[in-house]
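I open this notebook to record what I looked up in one structure. The entries follow the order in which I consulted it.

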Amino acid sequence: MTTPSATSAPRLEEITAANLEAALGIRVRPEQEFAVSSVMKSLAEAYVHPGVAWPRLIVDGERPVGFLMAFLDIDWKADGSLVRSGLWRLNIAADEQGRGYGRFAVESVAEQIRDRGGEEMYVTWHPGDHGPENFYLGLGFRDTGERSEGETVGVLTLDRVRA
Ligand SMILES: CC(C)(COP(=O)(O)OP(=O)(O)OC[C@H]1O[C@@H](n2cnc3c(N)ncnc32)[C@H](O)[C@@H]1OP(=O)(O)O)[C@@H](O)C(=O)NCCC(=O)NCCS
């Protein structure tokens with residue numbers, strides 16, 4: 001097992017021809033696969049939703065450690081009466097979990113939304129063992145009480161005053 005060094009500083013990379021294979025190689029644990037789509041499916045969705053999908057590879061040093069995809073200003077309701085932004089997908093590689101990369105991903109998307117003037121970050125999650133519910137609750141998301149296609153809809157209020 002690789003121990004991250006004290007200088008470990010993850011970053012986000014746009015998906016390009018140079019890192020596509022690395023992105024497609026990100027795999028969560030088998031028992032977690034019910035909770036998130038594959039990177040391949042997410043990139044296909046990004047292709048057909050170019051205006052709102054924000055896919056990024058999470059890299060630490062030379063290691064691809066995860067993948068995230070945000071949604072930015074989507075019409076949450078078909079009639080266009082509700083616009084939301086948030087985290088669409090988050091896949092941390094099985095052997096890279098527990099090292100802070102998930103938190104980094106959430107903070108990165110929060111910053112992106114905040115920079116665009118947003119005040120809330122949404123996410124939906126599958127309830128159940130091995131799902132990410134307690135990860136999101138631990139980071140400050142709250143259950144809105146809404147359900148979307150069987151998933152819990154959570155929201156994080158973004159603090160607009162930065163330390
Ligand atoms: C859920 C997931 C994104 C967490 O990523 P991670 O890199 O392991 O999380 P981090 O190391 O950044 O953990 C941040 C904090 O959350 C906690 N945490 C992580 N996963 C947790 C879980 N399943 N339950 C409770 N707490 C959890 C960590 O202990 C840590 O807490 P601390 O800061 O108090 O020590 C990762 O396990 C994953 O990719 N799961 C499979 C796919 C998935 O469910 N994606 C979400 C789809 S909506």
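**Entry 1: Asp73.** I began with the exposure of Asp73, which counts as partly exposed because its relative accessibility is 42%. By the definition I used, buried means under 20% relative accessible area, exposed over 50%, and partly exposed in between, with a 1.4 Å probe and protein chains only. Asp73 belongs to strand β3, residues 63–75. Helices (H or I, at least four residues) and strands (E, at least two) are DSSP runs, numbered from the N terminus. I also noted that the phi of Asp73 is positive, about 55 degrees, although this residue is not a glycine. Most residues other than glycine have a negative phi.

**Entry 2: basis of the values.** The model is predicted: local features need pLDDT of at least 70, side-chain atom pairs count only at pLDDT 80 or more, and totals for chains, interfaces and linings use all residues. Residues are numbered from 1 along each chain as its sequence is written, and side-chain values use heavy atoms, with hydrogens and water left out.

**Entry 3: Glu149.** I then turned to Glu149, another residue that is not a glycine but has a positive phi, here about 50 degrees. I located Glu149 in the loop between β6 (142–148) and β7 (151–157). Is Glu149 buried or exposed? Glu149 is exposed, as its relative accessible area is 80%.

**Entry 4: Ala35.** I found Ala35 in the loop between α1 (20–24) and α2 (39–48). With a relative accessible area of 21%, Ala35 is partly exposed. I also looked up Ala70, which is 35 residues from Ala35 along the chain; their C-alpha atoms are 16 Å apart.

**Entry 5: the ligand.** Which residues are closest to the ligand? Of the 20 residues that surround the ligand, the closest are Leu90, Gly98, Gly100, Gly102 and Arg103; a residue is counted if one of its heavy atoms lies within 4 Å. By class, I recorded nine nonpolar, nine polar and two charged residues in this shell. Ala, Val, Leu, Ile, Met, Phe, Trp, Tyr, Cys and Pro count as nonpolar, Asp, Glu, Lys and Arg as charged, and the others, Gly among them, as polar. At least two shell residues come from each of β4 (83–92), α3 (101–115) and α4 (133–138).

I next listed backbone atoms beside ligand oxygen atoms. A backbone N or O atom of Gly98 is 2.8 Å from a ligand oxygen. For a polar backbone atom of Gly100 the distance to a ligand oxygen is 2.8 Å, and for one of Gly102 it is 2.9 Å.

How values were computed
A polar contact is a pair of N or O atoms within 3.5 Å; within protein, one must be able to donate a hydrogen and the other to accept it, and residues adjacent in sequence count only if both atoms are side-chain atoms.
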